[in-house]
Amino acid sequence: MKYVRAFLRFWWDFIVGDDWRVAAGIAVALGLTVLLVDHDVNAWWLIPAAVGVVLAGSLDRSTRA
Amino acid sequence: MTTSEILIFAGAFLARAVEMVEALTIVLGVGVVRGWRSTMIGVGAAALLLAALVAAFGPALQQIPIDTLRFVVGALLLAFGLQWLRKAILRSSGYKALHDEDEAYREERERAAAAGQVQRGHMDWYSFTVAFKGVLLEGLEVVFIVIAFGTAHGSLGLAAAGAGAALLVVLLAGVLTRGPLSRVPENTIKFAVGLLLTSFGCFWSVEGAGADWPGGDLALLGVIAFIAALSFCLVQVLRRRRSRLVPVGAKA
């Protein structure tokens, strides 16, 4: 169990890192993009916009802390 | 060679170079103090394992349909690249300390000298373990980048060549300088890698989701320009914020 936990922890740190909200924000934006594309909206702009919002938000939080 | 291929080569090269600089510091610190034989066996074992990971996972992932692969790889690159970019912005704006190779080298030498004898047969297991772990852990991120870049664009060989070239350049520089590569602008390189990872992540995840970029493949350059401009603005804003908090004359 200890090794499984350490393995999962490693991958969490590797992919998600210090601020889980960045990964969560990107996941939501990707889900919305798929949804909009399914409704014939060419939502190429959503991910770049989400990158701007989550990056600025994460930096704001860590520099205010 | 297309623009995308040049950027994939550059991304893998820069990521490998910056991680190798950190691994080199660890290897030098141990090797200089405790001897080279076991240290280099550790380096070789880790390098073989990293190459085996690329050889095993790269071709296997290429069997997945390209749109699914680009969506998943793009999403992972975005999450991963934003970590690099976020840390590089924090360092550039003075909120996070820059990595000091000279200090890391001194600490590694002190630890290697303080560690007792861990000799069994002809092997010094302390040197082997530290070198193996250092090269493996610094190299895992590069393996991820090489596999992601290589499979999503079908250029695994090119990405691996970029990483391999960087390995040779850093090793050669280490042999010539016989010390840690403290003058390498690590944060600038990490900034560039974060920018490329995030941009490719953006580009591929949108394509994988089924949306079309205006301008096709050329849009990648637009994405890079947008994220570079955004990062530059964020650095300026954070520097201004920090200058209001830190007394005049205080060091960054």
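A: A crossing of two helices is called right-handed if the near helix is turned clockwise from the far one by less than a right angle, and left-handed if anticlockwise. Helices here are DSSP runs of H or I with at least four residues, strands are runs of E with at least two, and both are numbered from the N terminus. The model is predicted, so local features need pLDDT of at least 70 and side-chain atom pairs count only at pLDDT 80 or more, whereas totals for chains, interfaces and linings use all residues. Residues are numbered from 1 along each chain as its sequence is written, with chains lettered from A and ligands numbered from 1 in the order in which they are written.

The crossing of α2(B) with α5(B) is right-handed, and the contact between them has 19 nonpolar, 9 polar and no charged residues. In this classification Ala, Val, Leu, Ile, Met, Phe, Trp, Tyr, Cys and Pro are nonpolar, Asp, Glu, Lys and Arg are charged, and the others, Gly among them, are polar.

B:Leu50, which lies in helix α2 of chain B, counts as buried because it has 20 C-beta neighbours inside 10 Å; the cut-offs are 20 or more other C-beta atoms within 10 Å for buried, 12 or fewer for exposed, and in between for partly exposed, with C-beta atoms placed from the backbone. Leaving out residues up to four places away in sequence, B:Leu50 touches B:Leu136, B:Gly139 and B:Val143, contact meaning that the C-beta atoms, placed from the backbone, lie within 7 Å. Although B:Leu50 and B:Leu136 are 86 residues apart along the chain, their C-alpha atoms are separated by 6.9 Å. B:Gly58, also in helix α2 of chain B, is partly exposed, with 19 other C-beta atoms within 10 Å. With residues up to four places away in sequence again not counted, B:Gly58 touches B:Ile147, B:Gly150, B:Thr151 and B:Leu156.

Helix α5(B) also packs against helix α6 of chain B, residues 156–177, at an angle of about 150 degrees and with the axes 7 Å apart, which makes α5(B) roughly antiparallel to α6(B). This crossing, too, is right-handed. The contact is made by B:Val142, B:Val146, B:Phe149, B:Gly150 and B:Thr151 of α5(B) and by B:Leu156, B:Ala159, B:Ala160 and B:Ala163 of α6(B), and these residues divide into 7 nonpolar, 2 polar and no charged.

B:Val146 deserves a separate word. Leaving aside neighbours within four places in sequence, B:Val146 is in contact with B:Ala12, B:Val54, B:Ala159, B:Ala160 and B:Ala163. B:Val146 and A:Ile26 are the residues with the most contacts inside the largest nonpolar core, which has 89 residues; such a core is a set of buried Ala, Val, Leu, Ile, Met, Phe, Trp, Tyr and Cys residues joined through C-beta atoms within 7 Å.

Key. Two residues are in contact if their C-beta atoms, placed from the backbone, lie within 7 Å. Axes are lines fitted to C-alpha atoms, for helices over the stretch in contact, and angles run from 0 to 180 degrees between N-to-C directions. Angles under 35 degrees count as roughly parallel, over 145 as roughly antiparallel, 65 to 115 as roughly perpendicular and the rest as oblique.
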